[in-house]
Amino acid sequence: RQLLADVDDQRSESGHGASSAGKPRQVVEYNTPSGTYTGILLGSYPHGRGTMTFKNGTIYSGEWRKGVQSGKGKVHAKKYTYDGMWLKGKWHGSGILDVPGKHVYTGEFCAGVMEGRGRMVYKDGGVFEGNFSGNHRNGMGTYTSATGNIISGFWRSDTECDTTRTQPQ
């Protein structure tokens with residue numbers, strides 16, 4: 001929310017932003033205490049396509065709605081990248097979360113966490129396909145190890161509850 005106040009202060013100083021009809025005007029660039037925003041404003045809010053480069057090196061590029069990431073967007077942070085849908089500043093809908101050296105998750109998110117159907121590919125080559133809830137394997141799913149061992153069945157908080165194991169032929 002600090003970004004909004006900073007953008008509003010800078011907008012009033014520069015005279016850029018929205019037209020008198022409240023429609024987006026032009027691409028603007030603002031330096032804020034959080035970083036630099038380049039994109040379109042509606043009133044004093046980032047609205048439409050824009051990029052925020054934070055001072056810690058994190059970059060968000062995508063759609064904004066009234067100052068908050070909403071719609072399609074991508075974030076590059078030091079420890080991960082996320083490319084997918086956003087709602088009210090959180091990962092929400094379909095997306096891909098890549099945590100180098102750990103895993104790549106492709107699937108559904110809700111309010112910033114893995115929630116729903118997904119596929120997790122682990123650094124060792126193992127793959128889990130199934131249901132996730134609260135960032136954990138939850139519900140029905142199948143894990144296939146890099147060596148071909150298969151564990152299928154019900155999972156709760158990343159723990160096998162009612163599963164069967166199959167060895168490779």
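Does Trp155 count as buried or exposed, and at what relative accessibility? At 3% relative accessibility, Trp155 counts as buried, where buried means under 20% relative accessible area, exposed over 50%, and partly exposed in between (1.4 Å probe, protein chains only). This is a predicted model, in which local features need pLDDT of at least 70 and side-chain atom pairs count only at pLDDT 80 or more, while totals for chains, interfaces and linings use all residues. Residues are numbered from 1 along each chain as its sequence is written, and side-chain values use heavy atoms, with hydrogens and water left out.

Of the 169 residues, 35% count as buried. The protein exposes about 9,500 Å², of which carbon and sulfur atoms supply 51%, the areas coming from the Shrake-Rupley method with a 1.4 Å probe, with only the protein chains shown counting as cover for residues. Among contacts (heavy atoms within 4.5 Å) between residues at least 6 apart in sequence, 8% join residues at least 24 apart.

Strand E2, residues 35-42, runs antiparallel to E1 and is joined to it by 5 bridges, two strands being paired if DSSP finds at least two bridges between them. Within E2, Gly39 is the bridge partner of Val28, and the two strands form a hairpin with 3 residues between them.

The aromatic residues come next. The structure holds 13 aromatic pairs; rings of Phe, Tyr and Trp (its six-membered ring) pair if their centres lie within 6.5 Å, and planes under 30 degrees apart count as stacked, over 60 as edge-to-face and the rest as tilted. The ring centres of Tyr82 and Phe109 are 5.1 Å apart and their planes stand at 85 degrees, so this pair is edge-to-face. Because Tyr82 lies in strand E6 (residues 81-87) and Phe109 in strand E8, the pair ties together parts that are 27 residues apart in sequence, and both residues are buried. Phe128 and Trp155 also form an edge-to-face pair, at 5.3 Å centre to centre and with 80 degrees between the planes. Since Phe128 belongs to strand E10 (residues 127-133) and Trp155 to strand E12 (residues 150-156), this pair ties together parts that are 27 residues apart in sequence.

Phe128 counts as buried, at 0% relative accessibility. The charged end of Arg137 sits over the ring of Phe128, 5.5 Å from its centre, a description that requires NZ of Lys or CZ of Arg within 6 Å of the ring centre and within 35 degrees of the ring normal. One aromatic cluster includes Tyr82, Phe109, Phe128 and Trp155, with Tyr37 and Trp64 also among its members.

Two further residues complete the tour. His103, in strand E8 (residues 103-110), counts as buried at 19% relative accessibility; not counting residues up to four places away in sequence, His103 touches Leu97, Asp98, Met120, Val121 and Tyr122. Gln167, in the segment after strand E13 (159-166), is exposed, with a relative accessible area of 54%. Gln167 and Ile150 are 17 residues apart in sequence and 6.5 Å apart in space, C-alpha to C-alpha.

Methods
Helix = DSSP H or I, 4+ residues; strand = E, 2+ residues; numbered from the N terminus.
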